[in-house]
Amino acid sequence: MIKAIIILTLLISSSFFFLVGTIGLIRMPDAFCRMHATTKSDTLGAGLALLALVIYRGFDVISIKLLIILLFVWITTPTAAHIMAKAAYNQKKIVKGGNQ
Amino acid sequence: MILNALIVMSIFLGLLFFFCLYRAYIGPEAADRVVSINIISTKVTVMIALISIITGQDAFMDVALIYAMMGFITTICVSKYIEKGKLF
């Protein structure tokens, strides 16, 4: 019963963060604002959902694979956001320099 | 009860894909489309893990791991193409 309550709380929090990230992706005015809205909420949403699956499964080989996926997502999402922001900034600067 | 909650969560993620695809369709710049595709890739990874737990097929977890790597490499390559105009 305690396990079910913990898993349901983690799943509802994960759904909330995914919803917030998607609303930010739709409503924000700029590409950088959209990155700011989506990256943090997406990292936390994926982390909480995979953590709920780890608790549901117990200690197993599948659970270790889930933890590996979680570590990979936590490393690569901020890196991808950094590279996307750099690409958007440099592209915008090149376009401004071309117009002047 | 937990299994039903996992099924509802996968249906919820499947509904959220359409809003991300809307942003990828109307995005004014290329960077918006890259952001949207990166978010869709993370959501698909979580959804494959959920489906692997729901159906009991343990081999799907490897698919989720490979899909996370593919989404990261796609984002890196498209960002470098946007920034420089060429890949290498």
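Chain A runs α-α-α along its sequence, with three helices and zero strands in its secondary structure; helices are DSSP runs of H or I of at least four residues, strands are runs of E of at least two, and both are numbered from the N terminus. Chain B likewise reads α-α-α, and has three helices and zero strands. This is a predicted model, in which local features need pLDDT of at least 70 and side-chain atom pairs count only at pLDDT 80 or more, while totals for chains, interfaces and linings use all residues. Residues are numbered from 1 along each chain as its sequence is written, and chains are lettered from A and ligands numbered from 1 in the order in which they are written.

**Overall dimensions**

- The radius of gyration of chain A, taken over C-alpha atoms, is 18 Å, well over the 13 Å that the globule rule gives for 100 residues, so chain A is more spread out than a compact globule. The globule rule is 2.2 Å times the number of residues to the power 0.38.
- The C-alpha trace of chain A spans about 65 × 25 × 10 Å along its principal axes.
- Chain B has a radius of gyration of 15 Å, whereas a compact globule of 88 residues would have one near 12 Å.
- Along the principal axes, the C-alpha atoms of chain B fill a box of roughly 50 × 25 × 10 Å.

**Burial and contact range**

- Of the 100 residues in chain A, 37% are buried; for chain B the figure is 38% of 88 residues.
- A residue is buried if 20 or more other C-beta atoms lie within 10 Å of its own, exposed if 12 or fewer, and partly exposed in between, with C-beta atoms placed from the backbone.
- Among contacts in chain A with a separation of 6 or more, 61% are between residues 24 or more positions apart. In chain B, residues 24 or more positions apart account for 47% of the contacts with a separation of 6 or more.
- Two residues are in contact if their C-beta atoms, placed from the backbone, lie within 7 Å.

- α2(A) has 27 residues, which at 1.5 Å a residue should span 39 Å; its end C-alpha atoms are 38 Å apart, which agrees. The expected span is 1.5 Å times one less than the number of residues in the helix.
- Just after α2(A), Gly58(A) takes a positive phi of about 85 degrees.

**Gly45(A)**

- Gly45(A) lies in helix α2 of chain A and counts as buried because it has 27 C-beta neighbours inside 10 Å.
- Beyond its neighbours within four places in sequence, Gly45(A) is in contact with Ser14(A), Phe17(A), Phe18(A) and Gly21(A).
- Gly45(A) and Ser15(A) are 30 residues apart along the chain, but their C-alpha atoms are separated by 6.8 Å.

**Interface between the chains**

- In the interface, 35 residues of chain B are in contact with 38 residues of chain A.
- On the side of chain B that touches chain A, the elements giving two or more residues are α1 (2–26), α2 (30–55) and α3 (60–84) of chain B. The largest share, 13 residues, comes from α2(B).
- By class, this side of chain B has 23 nonpolar, six polar and six charged residues. Ala, Val, Leu, Ile, Met, Phe, Trp, Tyr, Cys and Pro count as nonpolar, Asp, Glu, Lys and Arg as charged, and the others, Gly among them, as polar.
- Ala31(B), in helix α2 of chain B, is buried, with 25 other C-beta atoms within 10 Å.
- Not counting residues up to four places away in sequence, Ala31(B) touches Ala31(A), Met84(A), Ala87(A), Ala88(A) and Ile82(B).
- Within chain B, Ala31(B) and Ser79(B) are 48 residues apart in sequence and 7.8 Å apart from C-alpha to C-alpha.

**Nonpolar core**

- The largest nonpolar core has 46 residues, and those with the most contacts inside it are Leu50(A), Leu53(A), Met84(A) and Ala49(B). Such a core is a set of buried Ala, Val, Leu, Ile, Met, Phe, Trp, Tyr and Cys residues joined through C-beta atoms within 7 Å.
- Two or more residues of this core come from each of α1 (2–27), α2 (31–57) and α3 (61–99) of chain A, and from each of α1, α2 and α3 of chain B. α2(A) gives the most, with 11 residues.
- Leu50(A) touches Leu66(A), Ile69(A) and Leu70(A) in chain A, and Val46(B) and Ala49(B) in chain B, not counting residues up to four places away in sequence.
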